[in-house]
Amino acid sequence: MTLIQPFMGKDYCVIADNYYLSPELADVLIQNNIDVYGTLRPNRRDLPENFNKITLKKGEIAFQRGKITVLRWRDKNMCRFLAPSTQQIALKQIKKS
């Protein structure tokens, strides 16, 4: 947080990989007007219990969380991505066309 302190409240954007990013960090950054995007590890403690248990077929995606959106989708491998959310989205599955 020390590195990003001068940018707090100035509408910047942070992109992070799955080693650094967590939903808890995303909440703190978003509260300080900093958007955050990046990949997410499946075992982060702030993710809901059922988030990793949803079975997805190739081409399906799932959304979750309040001020942040955590996307989980399956192509060749399972992928997870975190981004800011402008509205609350209920957990659901969408089939890719």
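Modeller: Start with Asn33, which lies in the loop between H1 and E2. Keep in mind that this is a predicted model.

Colleague: Why does Asn33 count as partly exposed?

Modeller: The relative accessibility of Asn33 is 42%. Buried needs under 20% and exposed needs over 50%, so a value in between is called partly exposed.

Colleague: Which value does phi of Asp11 take?

Modeller: Phi of Asp11 is near 55 degrees, again positive in a residue other than glycine. Asp11 sits in the segment before strand E1 (12-16).

Colleague: Why is Asp11 called exposed?

Modeller: Asp11 has 63% relative accessibility. The cut-off is over 50%, so the label exposed applies.

Colleague: Step back to the whole chain. How many helices and strands does the protein chain have?

Modeller: There is 1 helix, with 6 strands. From the N terminus the order is β-α-β-β-β-β-β. Of the 97 residues, 31% are buried. The accessible surface is about 6700 Å², and carbon and sulfur atoms account for 50% of that.

Colleague: Which residues of helix H1 are buried?

Modeller: In H1 (residues 23-31) they are Pro23, Ala26, Leu29 and Ile30.

Colleague: How do you know that the buried residues of H1 line one face of the helix?

Modeller: Look down the axis of H1. The buried residues fall within an arc of 120 degrees, so they line one face. They pack against strand E2 (34-39), strand E4 (68-74) and strand E5 (78-84).

Colleague: How many salt bridges does the structure hold?

Modeller: The structure has 1 salt bridge.

Colleague: What makes Glu24 and Arg45 a salt bridge?

Modeller: The closest N and O atoms of Glu24 and Arg45 are 4.0 Å apart. The cut-off is within 4 Å, for a Lys or Arg side-chain nitrogen and an Asp or Glu carboxyl oxygen, so the pair qualifies. This pair links distant parts of the chain. Glu24 is in helix H1, Arg45 is in the loop between E2 and strand E3 (60-62), and 21 residues separate them.

Colleague: Buried or exposed: which is Arg45?

Modeller: Arg45 has a relative accessible area of 73% and is exposed.

Colleague: Which residues touch the most other members of the largest nonpolar core?

Modeller: They are Leu21, Val36, Leu40, Ile68, Val70 and Leu82, out of 15 residues in that core. H1, E2 and E4 are the elements that give it two or more residues. H1 gives the most, with 3. In soluble globular proteins, nonpolar side chains tend to be buried together.

Colleague: Beyond its neighbours within four places in sequence, which residues are in contact with Val36?

Modeller: Val36 contacts Val14, Leu21, Ala26, Leu29, Ile30, Leu82, Ala83 and Pro84. Contact here needs heavy atoms within 4.5 Å.

Colleague: What makes E4 mostly covered?

Modeller: In E4, 5 of 7 residues are buried. Each of those has under 20% relative accessible area, so each meets the cut-off.

Colleague: How do you know that E4 and E5 pair?

Modeller: E4 and E5 share 7 bridges and run in the antiparallel sense. Pairing takes at least two bridges, so the two strands qualify. Leu71 has Phe81 in E5 as its bridge partner, and Val70 stands opposite Leu82. E4 and E5 form a hairpin, with 3 residues between them.

Colleague: And how many bridges join E2 to E5?

Modeller: E2 and E5 have 2 bridges and run antiparallel. The requirement is at least two, so E2 and E5 count as paired. Gly38 has Leu82 as its bridge partner in E5.

Colleague: One last point. Among contacts between residues at least 6 apart in sequence, what percentage joins residues at least 24 apart?

Modeller: For the protein chain it is 41%.

Conventions: Residues numbered from 1 in each chain as written. Predicted model: local features only at pLDDT ≥ 70, side-chain atom pairs only at ≥ 80, totals over all residues. Heavy atoms only, no water. Helix = DSSP H or I, 4+ residues; strand = E, 2+ residues; numbered from the N terminus. Buried < 20%, exposed > 50% of the residue type's maximum accessible area, 1.4 Å probe, protein only. Areas by Shrake-Rupley, 256 points an atom, 1.4 Å probe, with all protein chains shown as cover. Arc of directions from axis to C-beta. Core = buried A, V, L, I, M, F, W, Y, C linked by side-chain atoms within 4.5 Å.
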